[in-house]
Amino acid sequence: MSDHLVRLNKYLSEAGYCSRREADRLIDAGRVTINDIVPEMGTKVAPDDVVKVDDEIIGERKRDFVYLAFNKPVGIVCTTDTRVEKDNIIDFISYPKRIFPIGRLDKPSEGLILLTDDGDIVNKILRASNNHEKEYVVTVDKAISQTFIERMAGGIYIEELKQRTKKCEVKKIDKYRFSIILTQGLNRQIRRMCEYLNYEVKTLKRIRIMNIKLDMPVGQYRELTEEEFKTLSALISDSKKTFEPTQKRSRKSRR
């Protein structure tokens, strides 16, 4: 850490404990202490302060960060709160280091999600998420019409969220399947868009996040390659991270 005061959420992020967003939730829940005192939101940390989460001391920034691509199965929840959700992504992967997902993929959906212990890159990706592509393949309950494709692509007003979806690229694959590329991440966006047009989503799979493509079986993960990370860093151009991937890392299978 540097020799000056730093906001508590940034401290936890730079220590590789969690993202700033998750840090704010932990602070708000009273699970974080500074020198054994529960702080207010926005409190700053001095170099000699002792920061704890659930009585675990959080130390200096990790030297080697982890960047994983994971093919999430249906039924797994993208949360780090292992105390509340038994089918959580952290226990499923069981990675030897503390990691956390970048963004979310809802429980009934499957496909690509990125995980890391680098809190700064999480913030950069999420902060830029409205400008970066995420691609999905979706199966619906009835035949797809040209009107459906055009209306999905043109933007739909979602009443619950009080906003219209951005224009996007939608292509019909076959009678019941289509692909869609989003540049925003509204809550349950694709499902809500389909519901508005009286279609029900039967399956939803994310197959790409920016330059990272889904290329491993369900339930398996791999490290990002050096080329993938360099391209990702360029897409989030304010990133100052460097990455030195291992030369070869076998994929791990679960269940």
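Here is a short talk about a predicted model, in which a reader asks what lies behind the labels.

Reader: Let's start with Lys52. Why is Lys52 called buried?

Author: It comes down to one number: Lys52 has a relative accessibility of 18%. Buried means under 20%, so Lys52 counts as buried. As for its place, Lys52 sits in strand S4, residues 51-53.

Reader: What makes the link between the side chains of Lys52 and Asp36 a polar contact?

Author: The distance is 3.1 Å between those two side chains, and the cut-off for a pair of N or O atoms is within 3.5 Å. That puts Lys52 and Asp36 down as a polar contact.

Reader: Which other residues is Lys52 in contact with, leaving aside its neighbours within four places in sequence?

Author: Besides Asp36, there are Arg31, Val32, Thr33, Ile57 and Ile58. Contact here asks for heavy atoms within 4.5 Å.

Reader: How do you know that S2 and S4 pair?

Author: Count the bridges. S2 and S4 have three, in the antiparallel sense, and pairing takes at least two. Val32, for one, stands opposite Val53 in S4. In general, strands of a sheet pair through backbone hydrogen bonds.

Reader: What makes S2 and S5 the edge strands of their sheet?

Author: The open sheet runs in the order S2-S4-S5, with antiparallel pairing. Strand S2 (32-34) and strand S5 (56-57) each pair on one side only, and that makes them the edges.

Reader: On to helix H6. Why is H6 said to be largely enclosed by the rest of the structure?

Author: Because six of its eight residues are buried. Those of H6 are Gln189, Ile190, Arg191, Arg192, Met193 and Cys194. What covers them includes S9, helix H5 (146-154), strand S10 (157-158), strand S13 (177-182) and S14. After H6 comes Asn198, with a positive phi near 65°.

Reader: Which residues line the largest cavity, and how do they divide by class?

Author: Tyr67, Leu68, Ile102, Leu114, Leu115, Thr116, Ile121, Leu224 and Leu232 line the largest cavity. Strands S6 (67-72) and S8 (110-116) each give two or more of them, and S8 gives the most, with three. Eight are nonpolar, one is polar and none is charged. Tyr counts as nonpolar in this scheme.

Reader: And what lines the second largest cavity?

Author: Its lining is Arg7, Leu8, Asn9, Asp24, Ile27, Met41 and Gly42. Helix H1 (8-14) and H2 each supply two or more of these.

Reader: How many residues line the largest pocket?

Author: There are 44, and Ile102, Gly103, Arg104, Leu105 and Gly185 lie nearest the centre of the largest pocket. Its volume is about 1100 Å³. H2 brings the largest share of the lining, four residues. By class, the lining of the largest pocket has 19 nonpolar, 12 polar and 13 charged residues.

Methods:
Residues are numbered from 1 along each chain as its sequence is written. This is a predicted model: local features need pLDDT of at least 70, side-chain atom pairs count only at pLDDT 80 or more; totals for chains, interfaces and linings use all residues. Side-chain values use heavy atoms; hydrogens and water are left out. Buried means under 20% relative accessible area, exposed over 50%, partly exposed in between (1.4 Å probe, protein chains only). A polar contact is a pair of N or O atoms within 3.5 Å; within protein, one must be able to donate a hydrogen and the other to accept it, and residues adjacent in sequence count only if both atoms are side-chain atoms. On a 1 Å grid over the protein atoms alone, a cavity is a set of points where a 1.4 Å probe fits but cannot get out, and a pocket is an open set with protein on both sides within 12 Å along at least five of seven lines; lining residues have an atom within 4 Å of a point. Grid points are joined across faces, edges and corners, and a volume is the space filled by probe spheres set on the points.
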